[in-house]
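Hi everyone, thanks for coming. I'd like to walk you through a structure that may be new to you, so please have a look at it on the screen.

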Amino acid sequence: MIDEASGNATPGAQRRVDALFDRYGESHRHPTNRAIHGVCVPLIAWSLLALAWSWSPAAAYVLIGVAVAFHLMLSFPIAMGVLAVAAVMVYPLTLLGGSTLRVAVAVVVSAWIGLIVGHRIEGREPTFLCG
């Protein structure tokens, strides 16, 4: 961890990104829940991008920029991964035409249902609902 006052690394301190992954891991231990999340979380990310795209492709690119900027604050390699995945996610949007909004809504609703099922299996609330 970097001490903001001095700019020096603090020995033994956990990086913010590692703390976030640890917290996420605490409520995602069941293999079925993890598998469901492995499918549904990227689908939700894609559907949010698609919702933005249905409004304006420029809005989708701004959303990608915001996501990359946020992840840059956590980890450069993760941010580059987000950028690469976003680039792949954009291509299907160029093929959907006027049905982008309908498909995005169907995907986001289905994926959230999947996450709810996963957390029922896990027996824990989603992490972002827990303070």
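Let's begin with contacts along the chain. If we take the contacts between residues at least 6 apart in sequence, 63% of them join residues at least 24 apart. Please keep in mind that this is a predicted model.

What is the protein chain built from? It has five helices and zero strands, so from the N terminus on you can read the elements as α-α-α-α-α, with helices taken as DSSP runs. The protein chain has 131 residues, and buried ones make up 29% of them.

Now let's turn to a pair of helices. Helix H2 covers residues 31–55 and helix H3 covers residues 57–74. Their axes are 5 Å apart, and the two helices pack at an angle of about 145°. Which residues meet there? From H2 we have Leu48, Leu49, Ala52, Trp53 and Trp55, and from H3 they meet Pro57, Ala59, Ala60, Tyr61, Leu63 and Ile64. Sorted by class, this contact of H2 with H3 has 11 nonpolar residues, no polar ones and no charged ones.

In soluble globular proteins, nonpolar side chains tend to be buried together. Here, the largest nonpolar core has 16 residues, and those with the most contacts inside it are Trp46, Leu49, Ile64 and Leu93. Which elements give two or more residues to this core? They are H2, H3, helix H4 at 76–96 and helix H5 at 100–122. There is also a second, separate core of five residues, including Cys40, Ile44, Ala111 and Leu115.

Not counting residues up to four places away in sequence, Leu93 touches Trp46, Leu49, Ala50, Trp53 and Thr100.

Next, the aromatic rings. The count comes to one aromatic pair. The rings of Trp53 and Tyr61 have their centres 5.8 Å apart and their planes at 70°, so this pair is edge-to-face; planes over 60 degrees apart get that label. Are these two residues buried or exposed? Trp53 is buried, with a relative accessible area of 14%, because buried means under 20%. Tyr61 has a relative accessible area of 47% and is partly exposed.

Leaving out residues up to four places away in sequence, Val90 touches Leu49, Trp53, Tyr61 and Ile64. Val90 and Pro57 are 33 residues apart along the chain, and their C-alpha atoms are separated by 9.3 Å.

The other one is Leu96, which also has its place in helix H4. How exposed is Leu96? Its relative accessible area is 23%, so Leu96 is partly exposed. Apart from neighbours within four places in sequence, Leu96 is in contact with Trp46 and Val103. Between the C-alpha atoms of Leu96 and Ser54 there are 9.6 Å, with the two residues 42 apart along the chain.

That's my tour, and I'm happy to go back to any part of it with you.

Technical notes:
Residues numbered from 1 in each chain as written. Predicted model: local features only at pLDDT ≥ 70, side-chain atom pairs only at ≥ 80, totals over all residues. Heavy atoms only, no water. Helix = DSSP H or I, 4+ residues; strand = E, 2+ residues; numbered from the N terminus. Buried < 20%, exposed > 50% of the residue type's maximum accessible area, 1.4 Å probe, protein only. Contact = heavy atoms within 4.5 Å. Axes fitted to C-alpha atoms, helices over the stretch in contact; angles between N-to-C directions. Nonpolar A, V, L, I, M, F, W, Y, C, P; charged D, E, K, R; others polar. Core = buried A, V, L, I, M, F, W, Y, C linked by side-chain atoms within 4.5 Å. Phe/Tyr/Trp six-rings, centres within 6.5 Å; stacked < 30°, edge-to-face > 60°.
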